[in-house]
Amino acid sequence: MGRGLQHACRLAARLGQILSQNPDGSSECGLWSCTPGLRKVTFVADEFCHFLSGRGTYVHDDGEETPVGAGTLVFFPAGWAGTSTITQTLTKAFMCR
């Protein structure tokens, strides 16, 4: 696993819980929550998300908007950059590789 993925997943662990990690460190999955606010976001690893609760919007630097809420499934490829605006505390299950 590259240093970027290690950092991203360690950050997720502080904000949520890692449920499983591949023995070679190449992938992790878990739960993550974030309180309302506007934040700059860069996904350093591929990440698949299933949003469980809350509400917000991810806006790519190119202007593409992705609204999220309970039941939303999203794939963020490594290198995706933009902003997240969370209006209700957001919780997701994720897998990053």
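This is a predicted model: local features need pLDDT of at least 70, side-chain atom pairs count only at pLDDT 80 or more; totals for chains, interfaces and linings use all residues.
Let me begin with confidence. The protein chain has an average pLDDT of 87, and 85% of its residues score at least 70. Residues 1-7 have a pLDDT below 50, and beyond near neighbours in sequence this stretch has 13 contacts in the model.

I turn now to the aromatic side chains. Across the whole structure, a search finds seven aromatic pairs. One of them joins Phe43 and Trp80 in an edge-to-face arrangement, with 5.8 Å from centre to centre and 75 degrees between the planes. Phe43 sits in the loop between strand S3 (37-42) and strand S4 (47-60), while Trp80 sits in the loop between strand S6 (73-76) and S7, so this pair ties together parts that are 37 residues apart in sequence. Phe43 counts as buried at 7% relative accessibility, and Trp80 is buried with a relative accessible area of 10%.

A further pair, Tyr58 and Phe76, is tilted, at 5.0 Å centre to centre and 50 degrees between the planes. Here too distant parts of the chain are linked, since Tyr58 belongs to strand S4 and Phe76 to strand S6, 18 residues apart. Tyr58 is buried at 3% relative accessibility, and Phe76 is buried at 1%.

How do these residues come together? Ring pairs link Phe43, Phe51, Tyr58, Phe76 and Trp80 into a cluster.

Finally, the surface. Phe48, Leu73, Phe75 and Met95 make a nonpolar surface patch of about 370 Å². Of these residues, Met95 lies in strand S7, which spans residues 81-96. Met95 counts as partly exposed, because its relative accessibility is 32%.

Notes: Residues are numbered from 1 along each chain as its sequence is written. Side-chain values use heavy atoms; hydrogens and water are left out. pLDDT is the predictor's confidence in each residue, from 0 to 100. Contact means heavy atoms within 4.5 Å. Patches are made of residues with over 30% relative accessible area and no salt bridge: like charges are joined within 9 Å, nonpolar side chains (Val, Leu, Ile, Met, Phe, Trp, Tyr) within 5 Å. Accessible areas come from the Shrake-Rupley method with a 1.4 Å probe; for residues, only the protein chains shown count as cover. A salt bridge is a side-chain nitrogen of Lys or Arg within 4 Å of a carboxyl oxygen of Asp or Glu. Helices (H or I, at least four residues) and strands (E, at least two) are DSSP runs, numbered from the N terminus. Buried means under 20% relative accessible area, exposed over 50%, partly exposed in between (1.4 Å probe, protein chains only). Rings of Phe, Tyr and Trp (its six-membered ring) pair if their centres lie within 6.5 Å; planes under 30 degrees apart count as stacked, over 60 as edge-to-face and the rest as tilted.
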